[in-house]
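Colleague: I would like to go through this model with you. Could we begin with how solvent exposure is classed, and then turn to the backbone and the helices?

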Amino acid sequence: MKIFIDCTHTAKHTYKNTGIHRVVRELASELLQISSNCTEIEIVTVMFDGSFMRRVTNLNKQQDDYFVKVNKYLDLSKINIKVQSLLLKLKNKFINFLYILNLIDWFDSNSANKKIFLKFEDSIVQPGDIYVIADANWDLPKTYYRFLQLLEIHKVTIVVICYDLIPIKFPEFSSKRFTKAFTKFYTDYSILFDKVLCISKRSAEDYMNARQQGILAKKNSQIVQSFRLGGNYYKHDCLLSKEYKNSDVKLQKLLNKKYILVVGSLVPHKNIKTIIAAFDLLINSSYDDVFLVFAGNKGWDSKTDNLIESNKMYGKLIEILGSVTDAQLDFLYQNCYCLVQASFYEGFGLPVVEALQHCKPVIASNGGSLPEVGGDFCRYFSPTQPTELYEALKELLDSDIYYNNLVERIRNEYVPFSWQESAEEFLSYLYN
């Protein structure tokens, strides 16, 4: 049996290394490893090329020079994002124009009495094979829907990983264009999903509630379950040693600094406003030896970027690093003072478990699944109350004894959950 893992978005955007793209890379890597030792299944990573799927051979094109180019020349500025969006839109329209009639003809020419064959490379896609939509595929052309219909007709099981329904639950946290595309994807495509595997119990509840409310389709026998994400990530020892010796100037400057780390794209639901407000309170309270470091791409909302870049401490005590490699992120976790995850809502909250695996204190909001993920190892606050975040940070900074005891408790009691375990659990749900 073949299990196709759709990694379209990650394969096209190899410089992105947080959130969904991290999950896709880690999960796919572990599934491929499991498949190499199992004769019953074959894991195939694929991407949608506009008409059908084709094999993906490398999801980890993260060379240093490539990151330099991205950070120096692209920087994911608002202009570049708009240009990329326009090009993608034109490309999708072009693909629709070329392929949609052919696909319609294919449907019309294949009556119910005819044997349908779908060929992938040199083999036939068999009924009972599994196709997993693992990536952020809500901006693909209409031919993607037609392609999934082909799989459905051929009795291929269609599975989707649901990370969260934030654009549907909280449209104010997303751009109008993204909210429209995301909502349309789930409302239109949900009728095709045989299984929905969510990354937390909270996300599974959200999906079932949306289905109950009629927002999403109620497909007969559709199964909704949740699995847990891992917290470690694959690292080459040689790559790590090389990058530690040749890290960029910004990382080197952080080596002897006490810095608060924030990981993830700078988008509205990450609640950057509360983080900046709490940090301002720290600075105004004479904690002028503490740094604030953001590791993640800029988002679509200029107001969020301006909150950081217009702050008087930007470039002094506040840094935006942009995209980081696995080794750089590992460096940041190992050397940070603590992690702050202030999101209004999260479907999981991967930085929380990654920081805990590095035995670092985590101060997180109580939004979405964060309490589910962090358990009693995190200090929680209301995402609408910057003073609560300030007080939590102040408590850490004011007492080395309290800080060290917290670190020791995490080191002794926190039980890590690996990506291998996550992949094994995920695979068991595909079979079940």
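Modeller: A residue counts as exposed when its relative accessible area is over 50%, and as buried when that area is under 20%. Please keep in mind that this is a predicted model.

Colleague: Then is Lys155 buried or exposed?

Modeller: Lys155 has a relative accessible area of 62%, and because the cut-off for exposed is over 50%, Lys155 is classed as exposed.

Colleague: What is the phi of Lys155?

Modeller: The phi of Lys155 is positive, at about 65 degrees, although Lys155 is not a glycine. Lys155 sits in the loop between α5 (143-153) and β7 (157-162).

Colleague: And Ser221, where does that residue lie?

Modeller: Ser221 is found in the loop between α8 (201-212) and β9 (223-226). Ser221 is not a glycine either, yet has a positive phi of about 65 degrees. With a relative accessible area of 69%, Ser221 is exposed.

Colleague: Which residue just after α14 takes a positive phi?

Modeller: That is Cys359, with a phi of about 60 degrees.

Colleague: How many residues of α14 itself are buried?

Modeller: Seven of the eight residues in α14 (residues 350-357) are buried, which leaves the helix mostly covered. The buried residues are Leu350, Pro351, Val352, Val353, Glu354, Ala355 and Leu356.

Colleague: Changing topic to cysteines: how many disulfides are there?

Modeller: The count is zero, where a disulfide would need a pair of cysteine sulfur atoms within 2.5 Å.

Colleague: What about Cys7 and Cys378, buried or exposed?

Modeller: Cys7 is buried, at a relative accessible area of 0%. Cys378 is buried as well, at 10%.

Colleague: Now the helix packing. At what angle do α11 and α16 pack?

Modeller: Helix α11 (residues 272-284) and helix α16 (residues 386-398) pack at about 50 degrees, and their axes are 8 Å apart. Therefore α11 is oblique to α16.

Colleague: Is the crossing left-handed or right-handed?

Modeller: The crossing of α11 past α16 is right-handed.

Colleague: Which residues make the contact?

Modeller: From α11, the contact involves Thr274, Ile275, Ala277, Ala278, Leu281 and Leu282. From α16, Pro386, Thr387, Leu389, Tyr390, Leu393, Lys394 and Leu397 take part.

Colleague: How many of those are nonpolar, polar and charged?

Modeller: In the contact of α11 with α16, ten residues are nonpolar, two are polar and one is charged.

Methods
Residues numbered from 1 in each chain as written. Predicted model: local features only at pLDDT ≥ 70, side-chain atom pairs only at ≥ 80, totals over all residues. Heavy atoms only, no water. Buried < 20%, exposed > 50% of the residue type's maximum accessible area, 1.4 Å probe, protein only. Axes fitted to C-alpha atoms, helices over the stretch in contact; angles between N-to-C directions. Helix = DSSP H or I, 4+ residues; strand = E, 2+ residues; numbered from the N terminus. Parallel < 35°, antiparallel > 145°, perpendicular 65-115°, else oblique. Left-handed = near helix turned anticlockwise from the far one by under 90°. Contact = heavy atoms within 4.5 Å. Nonpolar A, V, L, I, M, F, W, Y, C, P; charged D, E, K, R; others polar.
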